[in-house]
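Have the structure open and follow along.

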There are 2 protein chains.
Amino acid sequence: MSISSRFSVGIHILSLIELNKNTVNTSESIAESVNTNAAVIRKIMGMLKKADLITVQPGVAGIQFARDYADITLLDVYHAVHVVKDNELFSVHNNPNPNCIVGQNIQGSVEHYFHRAQQAMEDELKTMTIKDVINDIRKDVHS
Amino acid sequence: MSISSRFSVGIHILSLIELNKNTVNTSESIAESVNTNAAVIRKIMGMLKKADLITVQPGVAGIQFARDYADITLLDVYHAVHVVKDNELFSVHNNPNPNCIVGQNIQGSVEHYFHRAQQAMEDELKTMTIKDVINDIRKDVHS
DNA sequence: CAACTTGTAATCATTATCATTACATGTATT
DNA sequence: AATACATGTAATGATAATGATTACAAGTTG
């Protein structure tokens, strides 16, 4: 199991806006950098737009940040691209036997712990921003 | 995307050992409690055995803890059932364009943040034990 | 040997992902 | 208005993982 690469592609797209700000980024040019199909990029762009992270206009080339990229956390992107449903990072087996003590009560307990683990991960994502990623890349380029 | 329910089933199996300790647990009886097929249970039992969490003998009905269940963390189970490969909770898009500044450097940066997020989740799982789950279920039963 | 268990491989339906193609729709320029 | 080029979006297909199921080999006990 792995969380969809839509997440890393979303981060890639957002980083490009700043790092390629001297040129106009089209879904086609972004697709070349990411090395995928332009339709895939457009779909993800649509998700980023819906989450108010970017602005894009139908028919007009170019993407802009909808807000300061220092304030866009990786958690924002993660939510935007719908890679994990709310509280469903871990799946719990369905319909355990109601005639069994354990079957009857295990779901509530397990869900509670799974929720805590998922929360820890998401809290960590909240501490990282697109600006951090951009800075990393700039540092790599100049070293 | 969701992490396989093998994880929650593994926890269920382990809890049953203690909560049903007065009876002999066979893959068949466990399958009834979990509400799945016995072969599925046997496969997961095999994983738990390989990870030295339980002892099982071919041909002999019954499972035992291989060590104190107060010392078996949910992280142990998570690793045992192979639901997430090492450092691959998040997948990163492959082969970004090497002719692009961002494409060339983004993987390293993103992988670093993804690793941190995964680590936070696994660290949290490490704080939870099978004993905690068993206690929860016992409490539910008596309330 | 007979009955029962675990161990394990093969098959199948279902689901998600990602790449691709195609086309509708929107915008700008001439 | 016509052309060129962009985004938006639906449909299709290959690939992979999951979980249920069946079947059977191999181990154990009485």
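## A buried glutamate and its partner

One cut-off first: buried means under 20% relative accessible area, exposed means over 50%, and partly exposed is whatever falls in between. Keep in mind, too, that this is a predicted model. B:Glu18 has a relative accessible area of 10%, so this residue counts as buried. B:Glu18 sits in helix 1 of chain B, residues 6-19. Leaving out residues up to four places away in sequence, B:Glu18 touches B:Phe65, B:Tyr69, B:Ile134 and B:Arg138.

With B:Arg138, B:Glu18 forms a salt bridge, the closest N and O atoms being 2.8 Å apart. That pair ties together distant parts of the chain: B:Arg138 belongs to helix 6 (residues 130-141) of chain B and B:Glu18 to helix 1, 120 residues apart. B:Arg138 is partly exposed, at a relative accessible area of 30%. Over in chain A, a network of salt bridges links A:Glu18, A:Lys21 and A:Arg138.

B:Phe65 is buried with a relative accessible area of 18%, and B:Tyr69 is buried at 17%.

Chain A has a tilted pair of its own in A:Phe65 and A:Tyr69, with 5.1 Å centre to centre and 40° between the planes. A:Tyr69 counts as buried, with 17% relative accessibility. Over all chains the count is 10 aromatic pairs. One cluster built from ring pairs draws on both chains: A:Phe7, A:Tyr78, B:Phe90 and B:Phe114.

## Where the chains meet

Now for the interface. Here 55 residues of chain A are in contact with 55 residues of chain B. About 4,700 Å² is buried between chain A and chain B, and carbon and sulfur atoms give 65% of that. On the chain A side, A:Met1, A:His93 and A:Tyr113 lose the most area to chain B, together 14% of what that side buries.

On the polar side of things, 20 residue pairs are in polar contact between chain A and chain B, counting pairs with both residues at pLDDT 80 or more. Which helices of chain A each supply at least two residues to the side that touches chain B? They are helix 1 (6-19), helix 2 (27-34), helix 4 (74-80), helix 5 (101-125) and helix 6 (130-141). Helix 5 gives the largest share, 15 residues. Sorted by class, the side of chain A that touches chain B has 31 nonpolar, 17 polar and 7 charged residues. There are 2 salt bridges between chain A and chain B. B:Arg116 forms a salt bridge with A:Glu124, the closest N and O atoms being 3.2 Å apart.

## A histidine at the interface

B:His93 is worth a click. This residue lies in the loop between helix 4 (74-80) and helix 5 (101-125) of chain B. Is B:His93 buried or exposed? With 7% relative accessibility, B:His93 counts as buried.

The side chain of B:His93 makes a polar contact of 2.8 Å with the side chain of A:Ser8. Setting aside neighbours within four places in sequence, the contacts of B:His93 include A:Ser5, A:Val9, A:His12 and A:Val34 from chain A, along with B:Ile106 and B:Gln107 from chain B.

## Other salt bridges

Over all chains the structure holds 8 salt bridges. In chain A, A:Asp76 and A:Arg67 meet in one of them, at 3.7 Å from N to O. A:Asp76 is partly exposed at 25% relative accessibility, and A:Arg67 is partly exposed at 34%.

In chain B, B:Arg67 and B:Asp76 form a salt bridge with N to O at 3.7 Å. B:Arg67 is partly exposed with a relative accessible area of 33%, and B:Asp76 is partly exposed at 23%.

Most residues other than glycine have a negative phi. A:Asp52 has a positive phi of about 65° although it is not a glycine. A:Asp52 is placed in the loop between helix 3 (38-50) and strand 1 (54-57) of chain A, and is exposed with a relative accessible area of 54%.

A:Asn87 has a positive phi too, near 60°. Its place is in the loop between helix 4 and helix 5 of chain A. A:Asn87 is partly exposed, with a relative accessible area of 47%.

Definitions and conventions
Residues are numbered from 1 along each chain as its sequence is written. Chains are lettered from A and ligands numbered from 1 in the order in which they are written. This is a predicted model: local features need pLDDT of at least 70, side-chain atom pairs count only at pLDDT 80 or more; totals for chains, interfaces and linings use all residues. Side-chain values use heavy atoms; hydrogens and water are left out. Contact means heavy atoms within 4.5 Å. Buried area is the accessible area (1.4 Å probe) that two parts lose on being put together, summed over both. A salt bridge is a side-chain nitrogen of Lys or Arg within 4 Å of a carboxyl oxygen of Asp or Glu. A polar contact is a pair of N or O atoms within 3.5 Å; within protein, one must be able to donate a hydrogen and the other to accept it, and residues adjacent in sequence count only if both atoms are side-chain atoms. Helices (H or I, at least four residues) and strands (E, at least two) are DSSP runs, numbered from the N terminus. Ala, Val, Leu, Ile, Met, Phe, Trp, Tyr, Cys and Pro count as nonpolar, Asp, Glu, Lys and Arg as charged, and the others, Gly among them, as polar. Rings of Phe, Tyr and Trp (its six-membered ring) pair if their centres lie within 6.5 Å; planes under 30 degrees apart count as stacked, over 60 as edge-to-face and the rest as tilted. Buried means under 20% relative accessible area, exposed over 50%, partly exposed in between (1.4 Å probe, protein chains only).
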